[in-house]
Amino acid sequence: MPEQPELTIQGWGPAAGARDATVHRGEDGADGTLEPAAFPDVAEVLPKAARRHLSRELGWTPRRTPPAPVSRIRLAPSRLAEEGRLRLVELLGEEHVRTDREERLRHAGGKSYLDLLRRREGDASDAPDAVVRPGSTEETAALLALCSEMGVVVVPFGGGTSVVGGLSGTDADDRPSISVDLGRMASVHALDVASSLVTVGPGMRGPALEEYLARHGLTLGHLPQSWEFATMGGYAATRSAGQASTGVGRFDDLVAGLTLATPSGVLELGSPPASAAGPDLLGLALGSEGALGVITEVTLRVRPRPREQQYAGWSFRTWAAGLAGLQRLARHDLLPDVVRLSDPDETRANLLNASGTGASLLRSSLRLRRRGEGCLLVVGWEGLPTTVRARRRAAASMLREAGAVRLGRRVGESWRRHRFAAPYTRDSLLDAGLLVETLETAATWTALPTVYDAVRGALRESLGRRGKQPLVMGHVSHGYPTGASLYVTVLADRDDALPIQQWLTAKRAATDALLAAGGTLTHHHAVGADHRPWLEREVGPLGVDVLRAVKQRLDPRGICNPGVLLPD
């Protein structure tokens with residue numbers, strides 16, 4: 001099982017050496033209380049120019065709004081009956097069934113803005129009543145059957161990185177809930193080098209798998225921003241997309257097979273390399289978010305480690321020109337493995353936060369244009385040296401024809417070095433009184449400009465206060481021949497009186513707007529609790545009925561993560 005980090009009530013934990021707002025036990029304190037650790041002030045994570053820009057644009061006054069100490073977080077007593085606990089202990093062993101305060105807090109919610117707000121306010125009402133750790137598919141299947149018999153809700157827990165309320169454990173019948181931590185199932189089960197397949201447990205994290213594969217000259221290549229903490233089971237359950245998904249595919253493209261334990265039995269899904277034996281049931285498990293059962297094993301397609309990696313920065317004069325350039329690359333099958341086009345606001349924010357040669361090159365390019373604000377494009381190619389050079393040259397020629405200016409490798413390498421850093425600044429921004437959240441969608445190349453304008457307009461209208469507008473930054477990534485994903489980051493002056501309602505209003509407006517404009521409900525964050533009211537608008541009433549019928553067959557008593565995916 002991965003080593004437990006210090007208890008954190010905010011964003012990414014310190015397991016990767018991050019500077020995070022963590023909570024730890026007092027140093028040999030007699031009372032053994034939990035107290036907050038020190039974390040960076042906003043002045044340490046944002047340069048003065050960036051702070052001035054935010055104050056001017058948002059009407060934001062920096063202020064201290066620290067989270068409640070862990071010792072003051074409200075946690076109700078466990079509702080799991082002692083008889084039920086003893087039956088779980090009989091199945092899994094005493095050491096793998098926990099009902100203590102610290103363990104329950106570790107598994108309370110995910111990493112969405114709303115999750116963090118509630119914990120900062122001392123609210124742990126979404127904490128499970130117990131945490132259990134099965135060690136195999138057989139134990140997991142037996143656990144689900146037992147919980148179905150006892151009427152106990154089950155919520156799978158991998159890395160705890162859901163940003164859409166995927167771990168809330170909400171249940172209309174208010175039954176006791178347990179968190180099924182998959183950390184004991186985190187090993188490599190099999191490696192077939194000749195077939196480029198690896199089979200792993202659902203609790204294995206990205207860094208551990210990449211370290212193992214590297215010893216065999218292989219890589220998975222799936223690197224989402226949650227890579228340091230998220231797990232293979234979580235990736236499969238949410239249809240995750242990594243930063244290189246344009247080249248290697250989304251996680252569901254990498255899954256050759258999986259095992260799904262359900263209250264009604266075990267499903268072995270997927271027959272690599274391919275099969276035409278009826279509809280692909282593997283697709284039902286991918287993206288099921290724990291609502292149908294628990295993924296207990298995943299077989300993944302891997303590839304040789306790239307011998308060459310080249311990242312570079314380019315600049316377009318306008319957002320429209322950048323979108324047109326990427327569409328042209330897509331049409332001619334020349335999209336890089338990594339592609340990220342920032343809009344003018346995100347480009348400006350990158351400049352305000354950047355330093356060094358890469359930032360100087362980008363500033364120089366934008367000054368030379370003399371009009372427009374400029375949009376930064378980061379591209380990356382990986383693979384055999386000859387292949388990388390050929391692809392890079394062909395794409396570069398087309399980018400120049402589209403009006404792009406090359407900024408060079410230093411800009412691209414700077415992005416690559418810092419690509420996992422953004423979540424670590426969020427806690428400091430929250431502590432200083434800012435609303436900080438993201439949302440994402442995908443659209444065809446035709447609809448993408450309209451979706452972009454609609455989302456920005458909805459967020460600006462719903463979050464504007466006292467004549468000031470929020471900062472709404474966007475970028476396009478995860479390119480396809482038919483379109484791309486749109487990722488939006490929003491910063492606003494937080495309403496300290498009603499912070500949760502402030503974001504719920506904005507989220508509702510933005511989601512309605514993007515769906516009306518032709519965007520998807522989600523591209524890679526999943527449905528969770530946050531998006532499920534809109535699921536019917538994407539899959540239709542009959543589609544929801546089909547999913548309900550599958551759930552009824554696999555989970556007749558509705559114990560599997562009932563608070564996500566399917567609308568009420």
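Predicted model: local features only at pLDDT ≥ 70, side-chain atom pairs only at ≥ 80, totals over all residues.
Two packed helices are described by the angle between their axes and the distance between the axes. Helix α18, residues 448-463, and helix α19, residues 499-517, have axes that come within 8 Å and cross at roughly 155°. Angles over 145 degrees count as roughly antiparallel, so α18 is roughly antiparallel to α19. The crossing in which α18 passes α19 is right-handed. On the α18 side, the contact is made by Thr450, Val451, Ala454, Val455, Ala458, Leu459, Ser462 and Leu463. Helix α19 contributes Gln502, Trp503, Ala506, Ala509, Ala510, Ala513, Leu514 and Ala517. Of the residues in this contact, 13 are nonpolar, three are polar and none is charged.

Leu459 and Trp503 also belong to the largest nonpolar core, which has 58 residues. Together with Leu341, Leu377 and Val476, they are the residues with the most contacts inside that core. Setting aside residues up to four places away in sequence, Val476 touches Trp319, Leu323, Leu326, Val339, Arg340, Leu341, Leu448, Ala484, Ser485 and Leu486. A second, separate core has 32 residues, including Leu209, Leu218, Leu223 and Leu269.

Helix α17, residues 422-431, is largely enclosed by the rest of the structure because eight of its 10 residues are buried. The buried residues are Pro423, Tyr424, Arg426, Asp427, Ser428, Leu429, Leu430 and Asp431. Among the elements that cover them are α1 (42-45), α5 (113-120), β18 (434-444) and β20 (483-493). After α17 comes Gly433, which has a positive phi, near 95°.

Methods. Residues numbered from 1 in each chain as written. Heavy atoms only, no water. Axes fitted to C-alpha atoms, helices over the stretch in contact; angles between N-to-C directions. Helix = DSSP H or I, 4+ residues; strand = E, 2+ residues; numbered from the N terminus. Parallel < 35°, antiparallel > 145°, perpendicular 65-115°, else oblique. Left-handed = near helix turned anticlockwise from the far one by under 90°. Contact = heavy atoms within 4.5 Å. Nonpolar A, V, L, I, M, F, W, Y, C, P; charged D, E, K, R; others polar. Core = buried A, V, L, I, M, F, W, Y, C linked by side-chain atoms within 4.5 Å. Buried < 20%, exposed > 50% of the residue type's maximum accessible area, 1.4 Å probe, protein only.
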